[in-house]
Every structure is written in structure tokens, then in C-alpha cells.
Amino acid sequence: MYFIANWKMFGGVNSLNSLDKVIKFIKSFKKKKLIQIIYCPPNTLINLMSRKFRNININVGSQNCHEQKDYGPYTGSVNCRMLKNAGAKYVIIGHSEVRQSGESNDLINKKIQTAIKSGLKVIFCVGETIQQKRKKLTKKVLSKQIKLGLNNVKNKKNIIIAYEPVWSIGTGIIPKPLELLKTINFLKKKLKYNKILYGGSVNSKNINQLKSIYNLDGYLIGGASQDPKKFIDIIKKTYI
Ligand code: PGA
């Protein structure tokens with residue numbers, strides 16, 4: 001199971017102290033071989049974090065990247081080569097908060113291609129808005145996002161899919177179990193060889209309900225991942 005922490009635009013150098021608890025927990029966790037933890041902090045913390053996790057099986061990723069493989073005159077941007085150099089092994093691409101600021105499926109596709117070529121693994125986010133859900137367009141939207149996002153991507157084995165309904169992110173609302181089960185099944189059929197995660201308001205309370213979705217391969221956790229106790233609780237409860 002994957003437990004991916006998306007810190008979004010939160011955290012400074014001092015926040016790394018809170019990871020001591022997570023490291024201590026993992027060292028003593030009996031099921032540690034069954035899990036893969038990936039922390040995606042702001043880019044400013046990638047290098048420090050990857051050093052912090054040097055002796056433990058926790059990986060670090062970025063939350064976005066530029067689509068160009070090489071260096072270039074793109075003020076304010078960071079490409080995969082730089083992320084890798086800083087210690088990232090993964091990159092989140094297509095998060096709805098980035099899509100909302102104008103990121104198209106075509107741009108997402110370019111970013112995925114570049115990330116794979118650069119040797120980063122991709123956490124590819126897909127999900128419908130509440131309006132699309134109300135119109136029963138979920139499958140159609142997901143199909144389109146996947147088709148365009150993965151267009152001409154040859155090597156798909158290093159891509160993890162995160163199903164994140166936009167209406168679940170940061171709202172405290174999660175899909176109904178049967179609804180989620182069906183959507184994950186739908187994605188599994190489409191992407192037979194990829195891990196499929198769920199993201200959107202995952203916390204230490206609703207994890208009991210979420211873990212009953214037997215075909216999930218893990219979670220992308222935003223808000224609750226910033227608090228080590230809550231994050232550890234989610235992992236523990238997944239295995240109780
Ligand atoms: P949330 O965020 O857990 O705070 O809802 C999830 C995400 O945006 O990846």
C-alpha cells in the first residue's frame with residue numbers, strides 16, 4: 001500500500017522535525033515491508049527531506065514540474081532533472097489544484113512524458129468536479145483525462161494513478177463506498193498494470209471506511225499528512 005503525503009504549500013525547515021516521529025514509527029512497524037511512504041513537500045524542502053530519509057525506506061517527491069527536460073529561460077520553474085538532483089524520486093502531475101490554474105490535459109501529457117524520460121516516477125491525478133458528478137459524467141471525464149494524459153506514453157509501469165474527486169479535496173467529504181468501489185474497478189480495468197490510489201479528505205477517522213475498498217492500492221493524503229500523529233494513525237488503522 002502506498003501512503004503519499006501531499007504537503008501542498010505548507011511547511012518550512014522546522015517542519016522536518018515532525019518527521020522524527022514518523023521515522024521512529026516506521027522503524028518499529030511490523031508491516032513496514034508492505035508499505036511505501038512518499039512525502040511530497042514544497043520544492044524548498046525536497047533536498048533536506050531526502051537527506052533526512054537517507055537511512056529509511058521513505059521516498060520524496062515533488063508536487064509539480066516544468067514540461068521541458070533541459071534547463072531553459074523559464075523564470076520560476078523547476079524541471080524534473082532539478083527535482084531528481086535534489087533527491088526526488090516521484091512527481092505529482094495533474095493535481096486538480098494545478099489544473100484549476102490552467103493546466104491542460106495536453107500540458108499534463110508533456111509533463112508525464114518528461115518525468116518518465118528523466119527517470120522520475122509519476123503520481124498522476126485524475127478526478128471529476130461536483131458538476132460533472134451531478135451530470136453523471138465521472139467515467140467520461142476520467143477516460144478523457146487518462147487518454148489525453150497518457151497519450152503516447154510508452155513506459156507506463158512507473159505511473160501511479162491517484163483518483164481524487166475534486167469535490168472531496170479539502171472538504172471532509174468522501175465518496176460513498178459502493179460508488180468508490182465502482183470507480184476504482186473502472187480505473188483498474190482501464191489500467192490493468194497500474195496502482196490506483198484514492199485521495200480527498202483521507203483522515204484517521206474515515207480510513208476505517210476507506211480500507212474496506214479492497215481494490216485500492218493506497219492513499220494520497222493532503223491535510224492529514226502534515227500532522228505526523230494523524231498520518232501514522234492512518235497507516236496503523238489501515239492494518240488493524
Ligand atoms: P486533502 O487533499 O487530503 O487535504 O483533501 C488531498 C490532495 O489534494 O491530494
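Tyr-219 is buried, with a relative accessible area of 1%; buried here means under 20% relative accessible area, exposed means over 50%, and partly exposed lies in between, with a 1.4 Å probe and protein chains only. This is a predicted model, in which local features need pLDDT of at least 70 and side-chain atom pairs count only at pLDDT 80 or more, while totals for chains, interfaces and linings use all residues. Residues are numbered from 1 along each chain as its sequence is written, and side-chain values use heavy atoms, leaving out hydrogens and water.

Let me stay with Tyr-219 and its partner. Phe-3 is buried as well, at a relative accessible area of 0%. The structure holds seven aromatic pairs. In one of them, Phe-3 and Tyr-219 form a tilted pair, 6.0 Å centre to centre with 45° between the planes. Because Phe-3 lies in strand β1 and Tyr-219 in strand β8, this pair ties together parts that are 216 residues apart in sequence. As to the terms, rings of Phe, Tyr and Trp (for Trp, the six-membered ring) pair if their centres lie within 6.5 Å; planes under 30 degrees apart count as stacked, over 60 as edge-to-face, and the rest as tilted. Helices (H or I, at least four residues) and strands (E, at least two) are DSSP runs, numbered from the N terminus. Ring pairs also link Trp-7, Tyr-39, Phe-53 and Phe-231 into a cluster.

I turn now to charged side chains. How many salt bridges does the structure hold? There are seven, a salt bridge being a side-chain nitrogen of Lys or Arg within 4 Å of a carboxyl oxygen of Asp or Glu. One of them joins Lys-8 to Glu-97, with the closest N and O atoms 2.9 Å apart. This pair links distant parts of the chain, 89 residues apart: Lys-8 is in the loop between β1 (2-6) and α1 (19-28), and Glu-97 is in helix α4 (residues 96-99). Lys-8 is buried at 18% relative accessible area, whereas Glu-97 counts as partly exposed at 37%.

Another salt bridge runs between Asp-217 and Lys-188, where the closest N and O atoms are 2.7 Å apart. Asp-217 counts as buried at 14% relative accessibility, and Lys-188 is partly exposed at 23%. In a further salt bridge, Glu-103 meets Lys-111, the closest N and O atoms being 2.7 Å apart. Both Glu-103 and Lys-111 are buried.

On the surface, Lys-69, Arg-81, Lys-117, Lys-154 and Lys-156 gather in a patch of positive charge. Such patches are made of residues with over 30% relative accessible area and no salt bridge, like charges being joined within 9 Å. Lys-69 sits in the loop between β3 (58-62) and α3 (80-86), and is partly exposed at 40% relative accessible area.

Finally, the backbone. Which residues other than glycine have a positive phi? Lys-136 has a phi near 60°; Lys-136 lies in the loop between α6 (130-134) and α7 (138-149) and is exposed at 76% relative accessibility. Asn-152 has a positive phi of about 60°. Asn-152 lies in the loop between α7 and β6 (159-163), and is exposed, with a relative accessible area of 53%.

Methods
Patches are made of residues with over 30% relative accessible area and no salt bridge: like charges are joined within 9 Å, nonpolar side chains (Val, Leu, Ile, Met, Phe, Trp, Tyr) within 5 Å. Accessible areas come from the Shrake-Rupley method with a 1.4 Å probe; for residues, only the protein chains shown count as cover. Lys and Arg count as positive and Asp and Glu as negative; His and the chain ends are not counted. The place of a charge is taken as NZ of Lys, CZ of Arg, CG of Asp or CD of Glu.
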